[in-house]
Amino acid sequence: MQALNLMRKYKKAFFFCFLLALIAIVYFRSLKYDYTYFDDDVLVILNHDFISNYKNIPKFFLKGAFYTGDNSFYRPILTLSFSIDSMIAGKNPFMYHLTGLLLHISAVFLIFVFLRKLEFNEMLVFLFTSIFAVHPAFAHAVAWIPGRNDLLLTVFVLLSLIFLFDYFNKEKKNTVKIFMALFLFALAVFTKESASTMVAVMPVFMFLFCKNIRKKDYIVVFTASALIFCAYIGLRIYVLTGNAAEITFDFLKTIKSILIYCEYLVIPYRIYLFPDNIDLNFLTFFSSLMAFVPLMASLFFNIGRKKVILFGAFWCLVFLMPSFMASERIISFLPHRLYVISTGFIIMFIEFFSSASEKFKPAGKYVIFLLFIFISLFTWSSCIHVKKFQNKYIYISHAISEQPQSNMLRCKMAQYYAENGKYEEARRELAKVTSKDGTYSSVYYEMAGYVFSLEGRYDRAIELFEQLIELFPKHESALNNMSEIYFLKGEYGKALGYAERLIEIRPERSDYKIHYAKIKNKYDNISENK
């Protein structure tokens with residue numbers, strides 16, 4: 001009895017300790033994990049010299065997320081976060097995983113605080129926050145280093161709305177809070193393009209949840225956020241080039257994405273590491289039906305406040321919308337995109353369950369019991385899923401077992417085998433790669449050329465890299481490999497030419513400069529001897 005009284009007295013402390021324990025059970029092991037070498041090699045390892053130099057911080061805002069202008073991502077705050085880690089711990093993956101874990105803990109606590117400020121039922125907020133803390137779909141955001149952008153995005157979005165809420169709902173307005181709300185919005189936008197939809201979310205949020213709002217308040221917040229958004233768009237267009245700055249929209253793909261993401265949230269059975277091809281099935285349609293229950297119950301049966309449930313649905317849609325308008329090269333069904341979107345989903349279901357429990361009082365206990373079952377199942381599922389991110393080989397092995405038809409994964413496995421001297425296994429993986437109309441993807445040319453260069457079959461490697469450079473004249477990996485191969489063959493003039501092209505593309509890369517100096521020295525010595 002005394003224990004129960006203590007729990008009631010220190011309820012919030014108990015909630016937070018419970019949430020910390022859940023997160024530790026699922027993610028604490030990830031602190032010992034290595035890199036997966038899927039994007040984290042480019043974002044951290046290969047560009048470590050650049051990001052670890054604090055003098056380069058202004059340049060982060062003038063480069064794409066992968067440090068060139070020919071990619072579709074402009075996310076300077078993400079680069080800055082990696083820079084801070086690199087300045088603290090170099091290339092040690094522990095620091096990058098620790099930052100991800102701390103950001104996840106922050107996001108979990110902020111969701112709890114945010115939902116309580118909106119005066120939702122405390123027990124339901126706690127239970128749904130617990131589900132968020134251990135949901136299998138979010139392992140990509142926490143355990144996979146490149147998924148950090150969604151952690152940062154969620155933290156900045158929630159903090160921005162909390163400051164906005166506090167500014168309008170306190171009797172004495174503190175102008176620092178409105179400036180903080182807009183500053184955090186700016187950080188969110190420069191973290192990930194999805195945050196641009198906050199321009200629409202903030203006025204709706206103010207209308208529904210904030211008090212003492214005047215018309216000019218809407219104008220001020222909307223105008224300020226729109227100006228920040230325009231600054232972001234201007235810089236993005238300036239930095240990204242060609243197709244990277246273009247967007248496309250496919251209605252059928254959009255509908256499929258919504259259904260798949262509903263499945264991820266409700267019944268996360270098919271949470272693949274590399275989800276480039278997922279078909280719709282019975283599970284998808286059943287999950288989607290369950291996901292729309294709060295909306296349908298509100299619209300047709302008056303269960304829950306319509307405005308609140310519609311706001312949750314609006315949140316989900318607008319934050320997911322930027323992923324519908326992206327280059328065709330972008331994989332459509334990455335689960336970590338749901339990290340920020342899930343807040344809207346939680347709002348819908350908390351409002352639905354709160355109202356349903358009031359109307360059907362005996363159902364309240366069953367709802368709590370059901371949610372505890374979900375927490376237990378999701379914790380168990382996430383513990384299994386997180387293990388897949390341990391290192392490069394485990395990551396690729398699991399990814400191929402999930403989607404054996406993926407050419408990208410076959411190429412990556414071939415690379416792994418070749419780097420470990422298993423050339424026969426590498427060639428076997430490359431043989432499984434299928435082509436369309438006799439042509440292959442850029443990844444195939446890159447990895448096959450790399451495999452043959454490691455094996456010493458330079459002529460075949462050159463042939464493949466030339467095909468890749470013809471498609472992408474600024475492909476760094478192809479240019480670098482061509483330079484290395486010609487250097488090993490003793491053709492220093494050709495090696496020097498490719499090294500010069502590399503420096504023109506990436507003048508900040510010190511390893512390219514060292515490589516160029518090595519070739520130049522050799523070339524000059526031979527020229528003098530002649």
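Reader: Okay, F114 first. Which residues is F114 in contact with, leaving aside neighbours within four places in sequence?

Author: F114 is in contact with L158, L161, I162, F205, W315, T343 and I347, where contact means heavy atoms within 4.5 Å. Before we go on: this is a predicted model, with local features needing pLDDT of at least 70 and side-chain atom pairs counting only at pLDDT 80 or more, while totals for chains, interfaces and linings use all residues. Residues are numbered from 1 along each chain as its sequence is written, and side-chain values use heavy atoms, with hydrogens and water left out.

Reader: And which residues touch the most other members of the largest nonpolar core?

Author: F114, L164 and F205 do, in a core of 174 residues. A nonpolar core here is a set of buried Ala, Val, Leu, Ile, Met, Phe, Trp, Tyr and Cys residues joined through side-chain atoms within 4.5 Å. Buried means under 20% relative accessible area, exposed over 50%, and partly exposed in between, with a 1.4 Å probe and protein chains only.

Reader: Switching to helices. At what angle do α11 and α12 pack?

Author: About 160°, with the axes of α11 (residues 198-209) and α12 (residues 215-239) 9 Å apart. Helices are DSSP runs of H or I, at least four residues, numbered from the N terminus. Axes are lines fitted to C-alpha atoms over the stretch in contact, and angles run from 0 to 180 degrees between N-to-C directions. Angles over 145 degrees count as roughly antiparallel, so that is what α11 and α12 are to each other.

Reader: Which residues of α11 and α12 meet there?

Author: From α11, V199, M202, P203, M206 and F207; from α12, D217, Y218, V221, F222, S225, A226 and F229. They divide into ten nonpolar, one polar and one charged. Ala, Val, Leu, Ile, Met, Phe, Trp, Tyr, Cys and Pro count as nonpolar, Asp, Glu, Lys and Arg as charged, and the others, Gly among them, as polar.

Reader: Last one: D166, buried or exposed?

Author: D166 counts as buried, at 11% relative accessibility. D166 lies in α9 (residues 148-169) and touches K117 and K177, not counting residues up to four places away in sequence.

Key
Helix = DSSP H or I, 4+ residues; strand = E, 2+ residues; numbered from the N terminus. Parallel < 35°, antiparallel > 145°, perpendicular 65-115°, else oblique.
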